[in-house]
Amino acid sequence: MFEYAPAPESRSVVDIKPTYGLFIDGRFVDPSDGGSLKSINPASEEVLAEVAEGGPADVDHAVRAARTAYEQVWGPMPGRDRAKYLFRIARIIQERSRELAVLESLDNGKPIKEARDVDLPLVAAHFFYYAGWADKLAYAGFGRPPTSQHSGPDPQPLGVAAQVIPWNFPLLMLAWKIAPALAAGNTVVLKPAETTPLTALLFAEICQQADLPAGVVNIVTGAGETGRALVEHPGVDKVAFTGSTEVGRAIARAVAGTRKKLTLELGGKAANIVFDDAPVDQAVEGIVNGIFFNQGHVCCAGSRLLVQESVADQVLESLKRRMARLRVGDPLDKNTDIGAINSAAQLARIRELSDAGSAEGAQRWSPPCELPERGFWFAPTIFTGVTQAHRIAREEIFGPVLSVLTFRTPAEAVEKANNTPYGLSAGIWTDKGSRILWTADRLRAGVVWANTFNKFDPTSPFGGYKESGYGREGGRHGLEAYLNV
Ligand code: NAD
C-alpha cells in the first residue's frame with residue numbers, strides 16, 4: 001500500500017463571516033425575530049458561522065420580493081436577456097470554483113477532490129446549460145413551435161418557485177433548482193438545508209456580483225419549520241423539494257388541493273447488479289463509486305449490491321481489497337476518498353441501521369482504518385448474507401454502508417432489484433448489450449446506468465418512480481416543471 005504525504009488544500013481562499021443574514025430582495029437582512037443556527041464543520045465540530053433562522057414573517061417578505069421581481073422585471077424580460085444573467089452567473093461560478101469547493105468541503109464534510117472535480121463542474125454546467133434554453137423555450141417541445149403554421153405563444157413561467165434542498169450536494173442541488181427556474185422566467189425563494197447553508201449564501205453574493213435584479217433569487221436559511229412556512233405560503237406557485245420521502249409526503253399533503261405545481265425528488269435504495277460476465281475490476285470500481293462516493297450520502301447510491309452467485313466470492317474478494325485502499329480522513333486533503341459524515345444525527349442513523357444489520361444476522365466487514373478523534377466518521381462497511389427482509393436491504397441508510405445480496409438468474413435479479421418501495425436509480429454490469437437492454441427494460445428506476453454509476457450530465461433528466469418522487473430535473477424535461485405547459 002502506498003503511503004501518501006498529507007496534501008491539504010488551503011482554506012485561506014474562503015472568507016467565512018461570523019454571522020449571515022437572510023438574502024431577500026437583493027440584500028442581506030436580519031431575521032425578523034433574530035433566531036439563528038450554527039453551521040459546523042463535521043470533520044472537526046468547529047463552528048464555521050451563525051446563520052439566520054427565517055421565520056414566517058421572513059418567508060413572507062421573501063415571497064413578496066420574489067413576486068414583485070417576477071411581475072416587474074424577470075417575467076417580462078426577454079429570454080435572451082435572462083440568458084445573459086445566467087451565463088454571467090455560470091462564469092462567476094467557474095472563476096470562484098476553488099473558493100466554492102473549499103467552502104462546500106468545510107461545511108459538508110465531503111472530500112475536496114469530489115467538491116472540486118464533480119460538484120463544482122456540474123454546478124457551472126447546469127447554469128451554462130439552462131442559460132442556453134432561456135431564449136429557446138418555444139423550441140423546447142412544449143406547445144407549438146413558432147415555425148409551425150399555427151404558432152402558439154411561448155410557454156409561460158409559473159411565477160414564484162419555493163425550493164427546499166438537502167445537505168448532501170448543497171450547491172449542486174441549488175443549481176438543479178435555480179438554473180431551470182430562472183431560465184424559464186420564474187423567480188425563486190430557496191431554503192438550503194440547516195447543516196449546509198454556507199455555499200448558498202456565497203451564491204447569493206454571486207447573484208449580487210452578477211447584478212442579478214433584486215428579488216429574482218432569495219435565500220432564506222433555517223430548518224424544517226422555515227421550509228414548511230415556505231412551501232405552505234399561499235403566494236408561491238410552484239414547490240420543488242429534494243429530501244427525504246417522509247418530508248416529501250408531508251409536503252405533498254400540504255400542497256394537495258392548492259393550485260401549486262409540485263415536484264419531489266426523494267430517497268432511494270438502488271440495486272447495483274453484477275452479472276457473471278461483468279468485467280470484475282471495472283465493476284468493483286463502479287460498486288465503490290456507487291456507495292462510497294460522497295460518504296454514501298447520495299439519493300441514487302448503489303446501496304444494494306446484487307451479485308450473481310457464481311462470481312460472488314471473486315467480486316467480494318476484489319471489493320474488500322479495493323476498500324482496504326480507501327483513504328478516510330481530512331476532507332480538505334486532496335488524497336482523501338471518504339470524508340466526514342455530515343452531522344451527528346446522520347451518524348446516529350447510520351450506526352442504528354448498521355447495528356440492526358448485525359442484530360438481524362448479516363455479517364459486517366470494514367477494512368482496518370483509523371478514524372479521526374473529533375468530528376463525525378464512519379468506516380466504509382459491507383454487509384454480506386443480507387436477505388430481502390433485513391432492514392439494511394429495505395431502508396435507506398444514506399451512509400458508506402453496502403448491503404450485498406446474491407442471485408442466480410437474471411429474472412431473480414430483476415425481481416430483487418424491484419422489490420423496494422423506491423425507484424430512483426439502478427446499475428447493470430455485464431459484457432452483453434442485449435442483457436443490458438433486457439434488464440433495463442424491466443427495472444422500475446428513473447435512471448439506469450450500464451457499466452458505469454453516478455454519471456451526471458445537465459442535459460439528462462433525473463428523477464424517480466414510486467416513493468422516490470415525481471417530476472424530472474435536468475435536461476429539457478427539467479424545464480417542464482417550471483413552465484405552464
Ligand atoms: P430532509 O427531508 O430531512 O430535509 C430536506 C430539506 O427539507 C431540508 O432543507 C429541511 O430543512 C427541509 N424540511 C424538513 N422538514 C420540512 C417540512 N416539514 N417542510 C418543508 N421542508 C422541510 O432530508 P435530508 O436528511 O436533508 O436529506 C436526505 C434525504 O434527501 C435522503 O432521503 C435522500 O435520498 C434525499 N435526496 C434525494 C435526492 C433526489 O434527487 N432524489 C437528492 C438528494 C437527497
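Good morning. A helix here is a DSSP run of H or I with at least four residues, a strand is a run of E with at least two, and both are numbered from the N terminus. With that convention, helix α5, residues 170-183, is followed by G185, whose phi is positive, near 100°. Please bear in mind throughout that this is a predicted model.

Let me stay with α5 for a moment. At 1.5 Å a residue, its 14 residues should span 20 Å, and the end C-alpha atoms are 20 Å apart, which agrees.

N168 is buried, with 23 other C-beta atoms within 10 Å. Beyond the residues up to four places away in sequence, N168 touches N294, H297 and V298. N168 and T195 are separated by 27 residues in sequence, and by 9.6 Å in space from C-alpha to C-alpha.

I turn now to helix packing. Two packed helices are described by the angle between their axes and the distance between the axes. Helix α2, residues 79-95, takes part in both of the pairs I shall discuss.

Consider α2 with helix α4, residues 112-133. Their axes come within 8 Å and cross at roughly 165°. An angle over 145 degrees counts as roughly antiparallel, and that is therefore the relation of α2 to α4. The crossing is left-handed. On the α2 side, the contact is made by A83, L86, F87, I89, A90, I93 and Q94, and on the α4 side by V123, A124, F127, F128, Y130 and A131. How many charged residues does this contact of α2 with α4 hold? There are none: by class, the contact has 12 nonpolar residues and one polar residue.

A few words on α6 itself. At 1.5 Å a residue, its 12 residues should span 16 Å, and the end C-alpha atoms are 17 Å apart, which agrees. The buried residues of α6 are L198, T199, A200, L201, L202, F203, A204 and C207. After the helix comes D211, with a positive phi near 60°.

Next, a residue in helix α3, residues 97-108, namely S105. With 30 C-beta neighbours inside 10 Å, S105 counts as buried. Leaving aside neighbours within four places in sequence, S105 is in contact with K110, P111, I112, A115, P331 and L332.

Finally, the loop between β18, residues 447-450, and β19, residues 469-470, in which F462 lies. F462 is buried, with 21 other C-beta atoms within 10 Å. The contacts of F462, not counting residues up to four places away in sequence, are G446, V447, R472, E473 and G474. F462 and A5 are 457 residues apart in sequence and 39 Å apart in space, C-alpha to C-alpha.

Most residues other than glycine have a negative phi. N451, found in the loop between β18 and β19, has a positive phi near 55°. N454, placed in the loop between β18 and β19, has a positive phi of about 55° although it is not a glycine. Which of the words buried and partly exposed applies to each? N451 counts as partly exposed, with 16 C-beta neighbours inside 10 Å. N454 is buried, with 20 other C-beta atoms within 10 Å.

Thank you for your attention.

Notes:
Residues are numbered from 1 along each chain as its sequence is written. This is a predicted model: local features need pLDDT of at least 70, side-chain atom pairs count only at pLDDT 80 or more; totals for chains, interfaces and linings use all residues. Axes are lines fitted to C-alpha atoms, for helices over the stretch in contact, and angles run from 0 to 180 degrees between N-to-C directions. A residue is buried if 20 or more other C-beta atoms lie within 10 Å of its own, exposed if 12 or fewer, and partly exposed in between; C-beta atoms are placed from the backbone. Two residues are in contact if their C-beta atoms, placed from the backbone, lie within 7 Å. The expected span of a helix is 1.5 Å times one less than its number of residues. Angles under 35 degrees count as roughly parallel, over 145 as roughly antiparallel, 65 to 115 as roughly perpendicular and the rest as oblique. A crossing is left-handed if the near helix is turned anticlockwise from the far one by less than a right angle, and right-handed if clockwise. Ala, Val, Leu, Ile, Met, Phe, Trp, Tyr, Cys and Pro count as nonpolar, Asp, Glu, Lys and Arg as charged, and the others, Gly among them, as polar.
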